[in-house]
Amino acid sequence: MVKFSREYEASIIPEWKAAFVDYKCLKKLIKRIKIGRRDAGHHLPPPTSLVCKESGSSGYGFSVLDPVRALATRFAAKPALAQAHAASPEEESSESDSGELVRSTDKHEREFLEKADEELEKVNKFYASQEAELLARGEALTEQLRILADVKRILADHAASYRRVRGRLSRAASEPPSHSPSVNGSSGRHLLSGLASPQSMSADGSVEAQQARVAEGAAVAEEVMAALERNGVSFVGGGLAKAKKDGSGKLLMGRGALLQLPATVRIDIPPTSPGRAALKVWEELVNVLRKDGADPAAAFVHRKKVQHAEKNIRDAFMALYRGLELLKKFSSLNVKAFTKILKKFVKVSEQQRGTDLFSEKVKRSPFSSSDKVLQLADEVEYVFLRHFAGNDRKVAMKYLKPQQPRNTHMITFLVGLFTGTFVSLFVIYAILAHVAGIFSSTGNTAYMEIVYHVFSVFALISLHVFLYGCNLFMWKSTRISHNFIFDFSSSTALTHRDAFLMSASIMCTVVAALVINLFLRNASATYANALPGALLLLSTGALFCPFNIFYRSTRYCFLRVMRNIVFSPFYKVLMADFFMADQLTSQIPLLRHMEFAACYFMAGTFQTHAYATCTNSQQYKHLAYVISFLPYYWRAMQCLRRYLEEGHDINQLANAGKYVSAMVAAAVRFKYAATQTPFWVCMVIISSSAATIYQLYWDFVMDWGLLNPKSKNLWLRDELVLKNKSIYYVSMMLNLALRLAWTQSVMKVRLGKVESRLLDFSLASLEIIRRGHWNFYRLENEHLNNAGKFRAVKTVPLPFRELETD
């Protein structure tokens, strides 16, 4: 049977760990009580009858070292009891909660009760703050949903009314054939599209039709503003200038008769993509350039925005429900922890009355007795079921309570199967290549170059995926909430077994293709070297496969993140985006290999085996420079985007400077490779050393949070996930050593072609190992900083808001 302490430590919410009951500390205090009573029993056996009588009612109770004082305080407690009975019921309850619980017969017991009381107050305070925050969020979401319902209803009504107006216009146009009314093109897109600008009005043929459109638009605009005002949204700096009527009751068609709609209320959709950013810029330009308030596009409320607003509100309800579930778990775990620790305390101290009083206090505490969270959770379920799930409870629970993937032994079996097959095929390939003399100095150079590049692409990918699996295993073992940090869905996110399976299957497929290729070459088969190209096409097809196989959610997430990186800084930068961009800075050799493979197979050189066709062309070399700079450029652009979005944080500019220094160092090394002169040797040493020092500082201080001189852990940080501190010092030294791999470029070591290729592959693998090692500490630091803010649920921005106006 698992001890409760282990179960409790494994069940607590990592981000709220500091707010939970310190069960381990209370357990140590109980152990101290037990040791103290045992040691005291050897010197002076306590009178058990006195302990049973006085443990719950006396002021000081029995003392092992001073039994006389215990008797004196027994009689001295009588006046205090009389005064307590004369006091008000509230004061009596307060004393029984504060004084009676803390007073004890022993110093260690008093320490336990004082500590338990402190822990109870801490839990209550945290629970109250989280409960108030969630209740306020629930009220805000209710208002947002009410506004959304009104806007959708008005939008539907207006679409029907607009169709009626358009029908009347078409009928009016059919009567006088010479006039053909023009309908405003923006009318179908905007919520307030019934209002027409003066230009569009002048283009219409019928004055009555124009009057009908103005009246219809004014009615819709009034309804929108009334709906928003009913939900607490006030309008500042504008109002409705209603259309005037003359003596005959007709609407006057003048500038003052048009609707003046203030642009203070909008559906605020964050510009996370280039399309949304362009739309936001366009809206601002229209707001600045419009000459009057007659343009209905000033409100910028159209169907697409309503859809985005509905999605944001749905995600906010899901996040709210997640927070409510976590708070319920927080309450139940703390209640269970107090119950268990009090049972241990009464068993050791034999203070039944004091324990019962404390148990009653726990039961009356807000975190144990409040039902507001339960009520709000039921309301959220009902609202989500009605508005976002079509009254289908199964669909609602799929979103609110996503099922965790089941762990099956099949994945473990497949990992072992593919790993064993890979090892066997690799041994077979090595023997066949050695017998055929492929990799000897007199072997086929063209074949070696083809195999080296294609094999390196898949080998480096497989190594990176394997290390990511190791990271997933370590994050899970140390309870680092990587899915929450990356904003991954727990139902579709990869596990470490999945990552190991992907790595093993990739290498098994690649080595099998290499063995088949070698057999075809020995048999003098035509187009034997086309097999590596077919392997690249197969892997590309598997990556873009639209069917729900081969981890489709993970593949599409990878493609979406890569799109965000390539088009930086036009997309909003999320944690997964810049984390993946950091991985790409360690995969520059992989990008170079992909460049050669694409050049070799796309240029048709597999027919002539002209290896120098790609490597000697100037376009190829220039493209190699660009590919080497691209990951650093993307990462620098992400830092600039975050600098603009996060309140001009100077750290983001400093981070961008780190990648610029890496680009400069890479450019100098490329120049040195072309002209190996003493001047460029010095430039390589200076630029690469400066970039390395910059990167090491950022690794240790900013990304890992280490090297804190004021930390209680020498030159580390106050909070550490790993218990063994020496691991952090070893990791820093290892990161330093692997960062200095560039020194190989200035060392003139004469090697053969095969040995030089092997050295390049080894250095590329070491850089990937360094990145996998860096990943764990980077996410550990992110997790600890996030946990300090007690943020366990993501905050979804609400769409409807009032813009500030002067």
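The sections below take up the salt bridges of this predicted model.

## Overall count and a network

Across the predicted model, the structure holds 21 salt bridges. Among the residues involved, Asp-699, Arg-739, Glu-767 and Arg-770 are linked with one another in a network of salt bridges.

The side chains of Lys-361 and Asp-117 meet in a salt bridge, with an N to O distance of 2.7 Å. Because Lys-361 belongs to helix α11 (residues 352-364) and Asp-117 to helix α6 (residues 107-174), this pair ties together parts that are 244 residues apart in sequence. Lys-361 has a relative accessibility of 18% and therefore counts as buried, the cut-off for that class being under 20%.

A salt bridge also joins the side chains of Arg-778 and Asp-703, at 3.7 Å from N to O. This pair links distant parts of the chain, with Arg-778 in helix α28 (residues 753-788) and Asp-703 in helix α26 (residues 678-703), 75 residues apart. Arg-778 is buried, its relative accessible area being 9%, and Asp-703 likewise counts as buried, at 8% relative accessibility.

## A pair within one helix

The side chains of Glu-645 and Arg-641 meet in a salt bridge of 2.5 Å, taken from N to O. Both residues lie in helix α24 (residues 618-645), and because they are 4 residues apart there, about one helical turn separates them. Arg-641, at 11% relative accessibility, counts as buried, whereas Glu-645, at 35%, counts as partly exposed.

Key
Residues are numbered from 1 along each chain as its sequence is written. This is a predicted model: local features need pLDDT of at least 70, side-chain atom pairs count only at pLDDT 80 or more; totals for chains, interfaces and linings use all residues. Side-chain values use heavy atoms; hydrogens and water are left out. A salt bridge is a side-chain nitrogen of Lys or Arg within 4 Å of a carboxyl oxygen of Asp or Glu. Helices (H or I, at least four residues) and strands (E, at least two) are DSSP runs, numbered from the N terminus. Buried means under 20% relative accessible area, exposed over 50%, partly exposed in between (1.4 Å probe, protein chains only).
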